[in-house]
Amino acid sequence: MKPFPLIGALLLGLLPLAAQAAPVFYSDRTSFTNDANPNGSENFEGETAGTTFENTPLNTGFMTLTGGPIPIYPDQGEANIIAPGGSCSDNSDPNGSNYVCAYADVFSSMRVDFVAPVTAWGADFRDIGDGSRSTTVDFLDSDDAVIASYEFTNKGEGQAFFFGAVLEDDAAMSLVFRATAPKQQTTDLYGFDNVLFTVPRDVPPVPPVPLPASFVLLLSALAGGAGFSRLRRARTA
C-alpha cells in the first residue's frame, strides 16, 4: 500500500471545516428590512388584550408564546400578557397598541416557538435590559441548541429601540428570553411589538396529517356496504 493516499487523507482531515457566518445584529429597522427581506409580520392586534401566556401557551398564528411564573407580581396579571398600550407598566409600551408584555428573572423565562424555521427575526422593544438589569435572548434550532445569543444590557430606563438578527447560515425554531445578571436586579419587565421575520422560500408547506389506516378501512367498508345495499335493492325491484 502506498503511503501517500493515507498521508493525504490525514492531512485533509486536519484541515478546518468551512466556518459558518456569524449572526448579524441590528438596531435599525430599515437596515434590517433591507438585509433580511422579511416575508412575515405580527403586531398582536388580532389578540384579545389581557390574554395571558403565563404557564399557558398562546398561539398567535406563526408564533406561540409561553411565559413562566411571575413571583414578583402574583395574581395581578401585569406581565406575560397581551397588553393594550400603557397597561403593562409605566414604560413598556412600544407603540400604543397591543403588544407582548413579558417578564424575566433567574427562575422564569419567556419562550417563542415558530411554526417554521426563521433565518431572521426582529421587533420594537422597550424597557428591556434597562438600568442594571440584563436579559439575554437565545436563538434555538430544532434540537433546542443555541445558535445565537444577544444580551440586552445598559439600556436607559424606558428606552425604546429596534432589535433584529439575521442568522446567515442557520435557522431558528425558537427564542428564549432569560434574565442573566446581576442577581440583585434579575427581574426585567419589558415589551415588544411590530415583529418581522423571514422564512426561507424553500421551506416546504406543512403536509396534511394522514388519516389512520383503521379509519381508511372503516370508510372503505362503509362505502362497500352502501354499494351492496343499492345493488340488492336494484335486483329485488
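**Entry 1: the overall picture**

I started by reminding myself that this is a predicted model. I then looked up the secondary structure and found three helices and 13 strands in the chain. For burial, I noted that 37% of the 237 residues count as buried. Among contacts with a separation of 6 or more, 76% are between residues 24 or more positions apart. The accessible surface came out at about 13200 Å². Carbon and sulfur atoms hold 58% of that surface.

My next stop was charge pairing. Side chains of opposite charge can pair when their charged atoms come close. How many salt bridges does the count come to? I got five.

I began with R111, which forms a salt bridge with D113. Their closest N and O atoms are 2.8 Å apart. R111 also pairs with D144, again with 2.8 Å between the closest N and O atoms. Where do the two partners of this second pair lie? D144 is in the loop between β9 (134-140) and β10 (146-153), while R111 is in strand β7 (residues 110-118). The two are 33 residues apart in sequence, so the pair ties together separate parts of the chain. Taken together, I have R111, D113 and D144 linked in a network of salt bridges.

R111 has 24% relative accessibility and counts as partly exposed. D113 is partly exposed too, at 23%. D144 has a relative accessible area of 42%, which also makes it partly exposed.

**Entry 2: R133 and D130**

Another pair I looked up is R133 with D130, whose side chains meet in a salt bridge at 3.5 Å, N to O. Which side of the cut-off is D130 on, buried or exposed? D130 is buried, with a relative accessible area of 2%. R133 is at 21% relative accessibility and counts as partly exposed.

Key:
Residues are numbered from 1 along each chain as its sequence is written. This is a predicted model: local features need pLDDT of at least 70, side-chain atom pairs count only at pLDDT 80 or more; totals for chains, interfaces and linings use all residues. Side-chain values use heavy atoms; hydrogens and water are left out. Helices (H or I, at least four residues) and strands (E, at least two) are DSSP runs, numbered from the N terminus. Buried means under 20% relative accessible area, exposed over 50%, partly exposed in between (1.4 Å probe, protein chains only). Contact means heavy atoms within 4.5 Å. Accessible areas come from the Shrake-Rupley method with a 1.4 Å probe; for residues, only the protein chains shown count as cover. A salt bridge is a side-chain nitrogen of Lys or Arg within 4 Å of a carboxyl oxygen of Asp or Glu.
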